[in-house]
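Keep the 3D view open while reading.

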Amino acid sequence: MGAMAKRKLRPRSKILGRTSKVTKSMCKMLVSPSRNPVRKQPLEAQIKFHNLPVKPRQLGRKLREHTKKGTRYLCAFIEKIITEKNHKDRNDKDGDNTDADLKDCVLKPDDITTTYDDVYISSDTIKALEDLTLSIQHPSSFTFGILSSHSPPGLLLYGSPGTGKSLIIGAFAKQAQLTFLALSETDFESALVDKGAKKIKRIFAYARKHHPCAVFIDRAGSIFRSRSVVGNSPSHLHNINSFLEEMGATTRSNTRNPMVIAATNKPFDIDDEVFRHLGRRIMVDTPDRAAREQILKIHLRGETIADEVLSELADTTPDYTGSELKDLVWTAAAIALRESALQKGKWKAPEGSENIYRVLYKAHFEEAKKQIRSSSRYTVEKLREFHFKFGNVVQRNTESDGGV
Ligand SMILES: Nc1ncnc2c1ncn2[C@@H]1O[C@H](COP(=O)(O)OP(=O)(O)OP(=O)(O)O)[C@@H](O)[C@H]1O
Ligand SMILES: [Mg+2]
């Protein structure tokens, strides 16, 4: 008898998800005094026991109505709520799978380590980037006028390799506390025709669900190269169409739209229609003198440098990109270390952990300059020409750059 009671009182937690036939016996369980061991308990306890996705008041009403309308009526109700619950579970599961699929593209603000302190960004560039987040800062101002009916235009950063485009976007996402969804070339390298196109759709869907987000497309010149170029694969056309569709949806007002930011070294290669959707165009030029000094300061943090080195170095590195300046500082530090290690006869420290103090002199940078040379001169002219025709903001004040 005791064993029987124990068996009956085991909650029917597995009942959901079975076929509708279950509901008939389930209804009998609910209404029959002999088969429902918790029938006399409060409705909350009954719901928990039978693992039903209903509110107590809803179930109470149905149980009362059952006496008039019969078991079939109660069955239909239970079947409906079970089907709805299963459907919702399946959708949630699919949604989670999609999110899991995208985990290699998603970067939360806490995962981003670059801050505005680690990158030189001109105030004009910061302003253009911040315009994208105005709707987060001032939501009520986006309830009327053009700001309410149109999303901000997409933003395109272009410049020679190593001018800091990716770094700038990372620091901006961190500053604005945006979730960052990065699409890169590898997402489109597949034999499957619509793999890239589907990824674009999933990325935008994710971004709308997890607002506020920024969708970042690096190497846009190659991902969205012009459709008029001969030899494009069918998947390339699919990718562009899918992107244009999403951008079309983004331009229509929806406060949960993602910000769209693209970067490239080759803006002239981008498909015309894609280019049209990237209306804010910022050229990240090679840094001018003042910017070079700022970038050098960032990379010289923690190093000891002789007087005047910084200023002279900023004067004598025209056409160096941020990346080349970083390499220059690294090489000078390595040369200084090698020199002091050799002077002390400690090329190989016994424990391999001894700190050898170093000071970076002008001579170290002169030596480093022979190894790290500027390579942007040829590409930058073409980019400036392009910017003159199509661009809006430039991260450099060329006129202020006195010279060599
Ligand atoms: N403005 C800058 N301030 C500080 N460091 C910079 C700056 N620009 C470039 N750097 C240095 O150069 C490295 C490369 O920069 P980044 O990858 O952002 O360049 P990029 O323009 O995206 O290049 P690519 O076109 O090849 O993708 C950075 O990790 C950083 O060390
Ligand atoms: Mg980059």
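Helix 17 gives four residues to the lining of the largest cavity, the largest share. The model is predicted.

**The cavity**
- The count is one cavity of 30 Å³ or more.
- The largest cavity holds about 50 Å³ of space.
- Its lining consists of Val309, Glu312, Leu313, Thr316, Lys362, Phe365, Glu366 and Lys369.
- Two helices, helix 15 (309-315) and helix 17 (362-371), each supply at least two residues of this lining.
- By class, the lining has four charged, three nonpolar and one polar residue.

**Where ligand 1 sits**
- Helix 9 (165-175), helix 14 (289-299) and helix 16 (322-343) are the elements that give two or more residues to the shell around ligand 1.
- There are 17 residues around the ligand, and Gly162, Lys165, Ser166, Leu167 and Asn265 come nearest.
- Eight residues of the shell are polar, five are nonpolar and four are charged.

**Polar contacts of ligand 1**
- Serine 166 has a side-chain N or O atom 2.8 Å from an oxygen atom of ligand 1.
- Glycine 164 takes part through its backbone: a polar atom there is 3.0 Å from a ligand oxygen.
- Arginine 219 places a polar side-chain atom 3.3 Å from an oxygen atom of ligand 1.

- On its own, ligand 1 has 640 Å² of accessible area, and the protein covers 83% of that.

Terms used
Residues numbered from 1 in each chain as written. Chains lettered and ligands numbered in written order. Predicted model: local features only at pLDDT ≥ 70, side-chain atom pairs only at ≥ 80, totals over all residues. Heavy atoms only, no water. 1 Å grid on protein atoms, 1.4 Å probe; cavity = no way out; pocket = protein on both sides within 12 Å on 5 of 7 lines; lining within 4 Å. Points joined across faces, edges and corners; volume = space filled by probe spheres on them. Nonpolar A, V, L, I, M, F, W, Y, C, P; charged D, E, K, R; others polar. Near = heavy atom within 4 Å. Polar contact = N/O pair within 3.5 Å; in protein donor to acceptor, adjacent residues only side chain to side chain. Areas by Shrake-Rupley, 256 points an atom, 1.4 Å probe, with all protein chains shown as cover.
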